[in-house]
Amino acid sequence: MRIYRTKDYDEMSRKLANILSAQLIQKPDCVLGLATGSTPVGAYRLLVERYESKDLDFSAATTVNLDEYRGLSPENEQSYAYFMNDKLFGHVNLKKERTHLPDGTEKDARKACEDYDRIIRDTGGIDLQLLGLGHDGHIGFNEPGTYFETKTHLVDLTEETIRANKRFFASEEEVPRQAYTMGIQTILSSGRILLAVSGKDKAAVLKEALFGPVTPQLPASVLQLHPNVTVVADEAALSECTGEL
Ligand code: F6R
């Protein structure tokens, strides 16, 4: 595992954008696994700038996102599909048909999950998967207690995740209670994993994830078992890892 410590969020975003850009340049037809949330927003902005200055070309790339709320359509401003269009897809030359998220409008959960697993399989495999870290140690929407063997599945979001995500909604009541998420087994089958973490509020969980026991109670701890993980975290997020680094 390689850990890059950055001064702050902006430097973290530049590092993430550099790694994602290098992946695209080395393998233009790569499969990028992407995340939503606050953490990658700065990196996505930089990728758009690099596309606009003609330093990046997304035309041959494929993307698969980690998750989507159940019940939200891509037109819903709170959906992850909308978020990705707004932050990245709508501003670069990715082919729309090569950008994928679980179908939040599919009511048949089993079908939604099987369809998404097939989509991921048909890409030939994820080259680089970007992950954020939840305060409870979740990756994607794989909450504490999730079996490591999971593929795409339907999850009931924990109260903590609902509270953390309410900042994107008008009220806590509007936050969907369920989501479809890529499973841990699928995340682990990516060629490379890029974990991005920012802020003091993630310091304790980041230390546990990187250096504590590997346990389903802290899903991100499973990343210790992957042979090619890069962590990009700012000083605040790494502030509890003083003895370990
Ligand atoms: C997002 C996702 C989540 C977030 C995590 C951190 O697609 O799967 O696991 O990465 O909740 O969210 P932020 O970045 O908002 O702190």
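Visitor: Does Lys54 count as buried or exposed?
Guide: This is a predicted model, in which local features need pLDDT of at least 70, side-chain atom pairs count only at pLDDT 80 or more, and totals for chains, interfaces and linings use all residues. Residues are numbered from 1 along each chain as its sequence is written, and side-chain values use heavy atoms, with hydrogens and water left out. Buried means under 20% relative accessible area, exposed over 50%, and partly exposed in between, with a 1.4 Å probe and protein chains only. Because its relative accessibility is 74%, Lys54 counts as exposed.

Visitor: What is the phi of Lys54?
Guide: Lys54 is found in the loop between α2 and β3 (62-65); helices (H or I, at least four residues) and strands (E, at least two) are DSSP runs, numbered from the N terminus. Although Lys54 is not a glycine, its phi is positive, at about 65 degrees.

Visitor: In what order do the 7 strands of the open sheet stand?
Guide: Strands of a sheet pair through backbone hydrogen bonds, either parallel or antiparallel. Two strands count as paired if DSSP finds at least two bridges between them. In this open sheet the pairing is parallel, and the order is β1-β10-β9-β6-β2-β3-β5.

Visitor: Which are the edge strands of that sheet?
Guide: An edge strand here pairs on one side only. That applies to β1 and to β5 (99-100).

Visitor: Which residue of β10 stands opposite Leu194?
Guide: Strands β9 and β10 run parallel and are joined by 5 bridges. Opposite Leu194, the residue in β10 is Thr230.

Visitor: How wide an arc do the buried residues of helix α7 cover around the axis?
Guide: In α7 (residues 203-211), the buried residues are Ala203, Val205, Leu206, Ala209 and Leu210. The arc is that of the directions from the helix axis to the C-beta atoms. These residues lie on the same side of α7 because their arc is only 160 degrees.

Visitor: Against which strands do the buried residues of α7 pack?
Guide: Contact means heavy atoms within 4.5 Å. By packing, the buried residues of α7 meet β1 (2-6), β9 (192-197) and β10 (229-234).

Visitor: How many residues does the largest nonpolar core have?
Guide: A nonpolar core is a set of buried Ala, Val, Leu, Ile, Met, Phe, Trp, Tyr and Cys residues joined through side-chain atoms within 4.5 Å. Those with the most contacts inside the largest core include Leu16, Leu47 and Leu194. At least two residues of this core come from each of α1 (9-26), β2 (31-34), α2 (41-52), α3 (80-87), β6 (128-131) and β9. The number of residues in the largest core is 41.

Visitor: How many residues form the second, separate core?
Guide: Among the members of this core are Ile184, Leu218, Val229 and Cys241. The size of the second core is 31 residues.

Visitor: How far apart are the side chains of Thr152 and Asp117 in their polar contact?
Guide: Thr152 lies in the loop between β6 and β7 and is buried because its relative accessible area is 7%. Beyond residues up to four places away in sequence, Thr152 touches Asp117 and Ile120, among others. A polar contact is a pair of N or O atoms within 3.5 Å; within protein, one must be able to donate a hydrogen and the other to accept it, and residues adjacent in sequence count only if both atoms are side-chain atoms. For Thr152 and Asp117, the polar contact is 2.7 Å.

Visitor: What is the relative accessibility of Ile120?
Guide: Ile120 is found in helix α4 (residues 109-122). Leaving aside neighbours within four places in sequence, the contacts of Ile120 include Val64, Thr152 and Met182. Ile120 counts as buried because its relative accessibility is 8%.
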